[in-house]
Amino acid sequence: MRFCDLLTTIILWSSTVLADLYSDSGELMNHVLSDYDKRVRPYSDTGKPVIIDMTIVLAILTELRENQQVASVVLSHVQKWTDPKLAWNPKEFNNQRQLIIPESFIWVPKLFVYNSMDTKYMLTDNRHDVRVDYTGRVKMNIPQYVTCICRISIELFPFDTQFCAIAQASPLLNTDEMDVNATQPPKDSYFAGNAEWAAIDVSVRHMKFMEDGEYRAEVSLGLGSLLAMTVLLDIVAGAMPKSNSIPLLGYYIIAVIVLCAIAVCISMGFLALSRQFIQTEKLPSAFAYRLLWMQPNKKRMDFWETTEYLDGYEIDIPKFPDLLAIYTSLQEIVHAQQAFRKKLEKQQVQRAVEKEWNRLFSRFDYFFLFLFQSLNILILLFFLRNAWLPTPSLPDDFAV
């Protein structure tokens with residue numbers, strides 16, 4: 001009887017603890033999501049980008065169709081980021097330090113596989129959860145079935161090695177709003193091939209693509225105008241009677257087509273020059289500013305102090321194992337902080353260089369915009385002047 005009483009007490013006590021835990025989790029979730037808006041990305045009010053730490057933990061090759069150059073992979077990648085609006089004080093909630101929240105309740109990075117022919121998520125929205133700790137750190141595991149394009153190289157067939165990439169990117173956010181920090185897979189990751197192919201290595205790389213924005217829009221506008229005038233010329237040629245001479249409207253359309261073609265060539269040249277100057281990571285010279293009647297941006301860039309105050313001193317390495325372990329950990333932290341600092345400073349310099357060169361080339365844009373609009377107006381006036389000419393008289397040599 002005592003055993004039954006003890007078992008009943010343990011069951012009742014466990015049920016009470018679980019009920020209290022669920023109750024605390026519910027109150028914590030209501031507290032965290034009370035004023036939360038999942039439509040707004042983290043750090044949007046401060047202008048800082050959201051840093052997404054991404055890695056891959058599972059990849060299984062299911063099929064590789066060599067003729068179609070298509071690979072099918074089951075993969076699972078982990079994304080981690082910090083959302084300060086999801087932080088809480090554990091002391092106010094029974095020292096609860098983690099919380100499981102449905103993915104549909106919070107902001108998540110929108111990334112897509114842009115070289116994919118078909119992407120299927122293995123979890124639906126109502127079954128997809130994220131883990132949040134009290135600092136606002138969010139962890140999400142995304143399992144997918146991806147069918148992507150894989151360029152096959154047959155030079156060394158049948159002893160060939162193929163490289164297939166699964167590329168992910170944000171459809172809208174740039175690096176000033178969201179930046180992805182790719183990390184190598186952890187040691188306990190699982191990668192496997194199929195019966196025909198073996199998975200040798202899986203690596204994760206981080207690549208950035210520079211947006212050309214304004215210049216690309218100008219090139220697109222010029223090409224669109226060129227195409228429109230070409231279609232208009234074809235319509236005029238089809239509506240006019242057959243003749244050995246070109247009508248006045250035909251001359252006008254040809255002149256506009258030539259003008260649009262020159263404008264597109266100049267825009268593409270400016271695009272190539274701007275990208276080349278930006279990649280040099282050097283600010284424009286003083287002569288370039290004077291040539292365009294511009295003043296350099298005098299906004300100061302904040303750099304951390306890089307004083308190496310320990311270079312002239314000898315550091316005694318601890319002899320005790322515990323102190324040596326602490327010393328090694330501190331050294332790793334210092335090196336990581338220095339690497340992170342240099343990365344931030346390099347990004348700051350790159351943004352400043354890109355901004356200054358864009359300022360200079362925007363002045364060229366305004367100049368050539370004025371020039372080509374003036375030429376376009378002159379061509380239009382030359383064309384319209386014939387509307388006010390007097391009616392020509394009958395030629396003397398006119399004959400039927």
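**Note on aromatic pairs, cores and annotated spans**

1. Phe 270 and Phe 361 are both buried, where buried means under 20% relative accessible area, exposed over 50% and partly exposed in between, with a 1.4 Å probe and protein chains only. The model is a predicted one, in which local features need pLDDT of at least 70 and side-chain atom pairs count only at pLDDT 80 or more, while totals for chains, interfaces and linings use all residues. Residues are numbered from 1 along each chain as its sequence is written, and side-chain values use heavy atoms, with hydrogens and water left out.

2. A search of the whole structure finds 11 aromatic pairs; rings of Phe, Tyr and Trp (its six-membered ring) pair if their centres lie within 6.5 Å, and planes under 30 degrees apart count as stacked, over 60 as edge-to-face and the rest as tilted. Tyr 252 and Phe 383 are a stacked pair, with 5.0 Å centre to centre and 25 degrees between the planes. This pair links distant parts of the chain, since Tyr 252 is in helix 3 (residues 248–279) and Phe 383 in helix 5 (residues 321–384), 131 residues apart; helices (H or I, at least four residues) and strands (E, at least two) are DSSP runs, numbered from the N terminus. Tyr 252 counts as buried because its relative accessibility is 17%, whereas Phe 383, at 21%, counts as partly exposed.

3. Phe 270 and Phe 361 form an edge-to-face pair, with 6.0 Å centre to centre and 65 degrees between the planes. Phe 270 lies in helix 3 and Phe 361 in helix 5, so this pair ties together parts that are 91 residues apart in sequence. Ring pairs also link these two residues into a cluster whose members include Phe 277, Trp 357 and Phe 364.

4. Which residues touch the most other members of the largest nonpolar core? They are Trp 81 and Ile 106, in a core of 24 residues; a nonpolar core is a set of buried Ala, Val, Leu, Ile, Met, Phe, Trp, Tyr and Cys residues joined through side-chain atoms within 4.5 Å. Among the elements that give two or more residues to this core are helix 1 (2–32) and strand 7 (137–149). A second, separate core of 14 residues includes Ile 56, Leu 75, Cys 148 and Val 204.

5. Ser 203 is found in the loop between strand 10 (190–192) and helix 2 (214–239), and at 47% relative accessibility it counts as partly exposed. The C-alpha atoms of Ser 203 and Pro 185 are separated by 7.1 Å, although these residues are 18 residues apart along the chain.
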